[in-house]
Amino acid sequence: MRQRWSCITGFSGERSVPHAALFAWLCAASLALPLAAGCSGPSRIPAVPVQLQDRAVVPGLPGVRTWSDEMTPEFERELLKAIDRETAHWQKSGHKGPIPTTFLAISGGGPNGAYGAGLLNGWTAAGTRPEFTVVTGVSTGALSAPFAFLGSAYDDRLATAFTSVATKDVLKMRGLSGALFNDALADNAPLAKLLGRLIDEDFLQAVATEYEKKGRLLLIGTTNLDAGRGMIWNMGLIAASDHPKKLELFHRILLGSAGIPGLFPPLMMDVEVDGKPYQEMHVDGGINKEAFLYPPSFVAPIHRGKVDRKMRAYVIENGQLDPTWENMQRSTIKIAIRAIQSLLESQSMGNIYEIYLIAQRDGIEFDLAYIPQEFNEKSKEPFDPVYMKKLYDLAYKTAKNGYPWSKTPPDYIEGHAEQSNRQ
C-alpha cells in the first residue's frame, strides 16, 4: 500500500506539497475515467440556477456568507456591526491610543498545516502572541483557525489536531468504487469525528462570546463549485445564532473548506431562494484562494467610527515558496503532477501578493511566515505523523526564539513600481 501511495503522490521521493492528495485523485481518475463512462454519482437536490445565485441564503442565517470577490450588503452590515462592537469594547476598557486591529490569515497546505500550528504554539511560548481581531482560514488553515481565534488556552487542541494524527485519523479510502460510483475516493468520517472531539458546544459558545462582546471575527473560505467562485463564512455569526444545528453546520463548513475535491466528499449545503429549496456544492477553499484577509472591496476597517487604528496582518503560508528543481521523467502522470504542483505554488504566491497589496492599500503592516527551503523531510503517507511532528517542532522552536517575519513577499523589490512609473 505504501508503494502504491508513493507511486501516485510522490510522497516517498519528493517534497510534500500543499494538496498533494489532489494529485493522487488526478492519477486515479485518469485510470478510472474509461470505466466510469455512463456512471453517475450520488443524487442531489437541484443546484441554484445561475440567475438566482446572489439570492440564495442558508435558512435561518441571512448574512452569514458572501462571495470572496464581491461583498454582499448583508454580510457587509454584519462586519460593520462587528467593527462597532470592537470599538465600543476598546473604549469601555479604558485603553488609550489607537485600537490595535490584528489580522491572522492561515493558508491551506494539507499536512503542512503542522507548520502553522507549531508557529502559533511557539509564539505563545515566546510570550508575544497577540489576540487576533480577525482570523481567516482556508483548507487545512480552516481547521487550525478556530483554535488560533480562541487563543493560547486551546494550544493543546491545536497541537493534537496536527501532531497526534495519521492518515487513518483523517480519511478512509473507498477504493475504486469511490471514483466510479461516488463523489470522492475517500470518506472523511474520521476527520469529522476528530473535529467533534475538539470543537464542542462549549467551544462554540466561546467563539460566540468573542464575536458578540468584542466584535472579533472568524472567517472561513470555501469554494462554491457550482458557481466556480470562492465564498467566505462568518463563523462567529453561526456560533452566536439560535440555529438548531449550528454546531453541525460549524463542523460541516470546516470539513467543506478542507475538502480536497475528488479525495474528500464535497459539502452539500442546503439553501433556499424565496422559500424554494436548492443545494450548493462546496469544496476546498484553496481551489479559489490559498489565503485571504477579507474581500478586496472591503476597506471599512480604516474609516469606521473615525477612530485611530494600528493595523497589522500576519500571514502563515503552510508551504515552501522557493521554486524547486527536479529532473523530470517522460511519464504522463509525473508530468501532470509536476505541472499542477507548479500551478498551485504559483497560485499561493499570487494570493500572497494580493494580500500584500491590500495591506499596502489599507495601511496595514504586513508580516509573512512560510516553510523554509532547508526543510527537506519526506512524507511517507498523505498524513505522516513523523513528518508532521518534525514540521511542527521546527516552527515551534523558531517562533519561541522570535520568528523572523518577512515584511514583503519573496523577491519583492521595494519601490520597483514607483521607478517603473517614473521611467
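Analyst: A residue is called buried when its relative accessible area is under 20%, exposed when it is over 50%, and partly exposed in between, using a 1.4 Å probe and protein chains only. The model is a predicted one, in which local features need pLDDT of at least 70 and side-chain atom pairs count only at pLDDT 80 or more, while totals for chains, interfaces and linings use all residues. Residues are numbered from 1 along each chain as its sequence is written, and side-chain values use heavy atoms, with hydrogens and water left out.

User: Which of the two, E86 or R309, is buried or exposed?

Analyst: Both E86 and R309 are buried. Their side chains form a salt bridge, 2.9 Å from N to O; the term requires a side-chain nitrogen of Lys or Arg within 4 Å of a carboxyl oxygen of Asp or Glu. E86 belongs to helix α3 (residues 73–92) and R309 to strand β10 (residues 309–317), so the bridge ties together parts 223 residues apart in sequence. Helices (H or I, at least four residues) and strands (E, at least two) are DSSP runs, numbered from the N terminus.

User: What does T101 touch?

Analyst: Leaving aside residues up to four places away in sequence, T101 touches E86, T133, R309, K310, M311 and R312. A contact here means heavy atoms within 4.5 Å. T101 is part of strand β2 (residues 99–106) and is buried, at a relative accessible area of 3%.

User: Back to salt bridges. How many are there in the whole structure?

Analyst: The search of the whole structure finds 21 salt bridges. One of them joins R55 and D274, at 2.1 Å from N to O. That pair links distant parts of the chain, 219 residues apart: R55 is in the loop between α2 (20–36) and β1 (65–67), and D274 is in the loop between β8 (267–273) and β9 (276–284).

User: Where do R55 and D274 stand on accessibility?

Analyst: R55 is partly exposed, with a relative accessible area of 44%, whereas D274 counts as exposed at 66%. D274 also has a phi near 55°, a positive value in a residue other than glycine.

User: Which residues make up a salt-bridge network?

Analyst: A network of salt bridges links E131, E210, K214 and R216.

User: New topic: how many aromatic pairs are there?

Analyst: The search of the whole structure finds 13 aromatic pairs. W123 and W405 form a tilted one, 5.2 Å centre to centre with 50° between the planes. The criterion is that rings of Phe, Tyr and Trp (its six-membered ring) have centres within 6.5 Å; planes under 30 degrees apart are stacked, over 60 edge-to-face, and the rest tilted. W123 is in helix α4 (residues 113–126) and W405 in the loop between α14 (385–400) and α15 (416–422), so this pair ties together parts 282 residues apart in sequence. Both W123 and W405 are buried.

User: Why is the pair of F375 and Y387 edge-to-face?

Analyst: The planes of F375 and Y387 lie at 65°, with ring centres 5.7 Å apart, so the pair is edge-to-face. F375 is in the loop between β11 (365–370) and α14, and Y387 is in helix α14, twelve residues apart. Both F375 and Y387 are buried.

User: What cluster do ring pairs form?

Analyst: Ring pairs link W123, F132, Y314, Y403 and W405 into a cluster.

User: Which ring has the charged end of R229 over it?

Analyst: The charged end of R229 sits over the ring of W67, 4.0 Å from its centre, and that of R85 over the ring of Y211, 4.6 Å from its centre. This requires NZ of Lys or CZ of Arg within 6 Å of the ring centre and within 35 degrees of the ring normal.

User: Finally, how many helices and strands does the protein have?

Analyst: The protein has 15 helices and eleven strands. Of its 423 residues, 55% count as buried.
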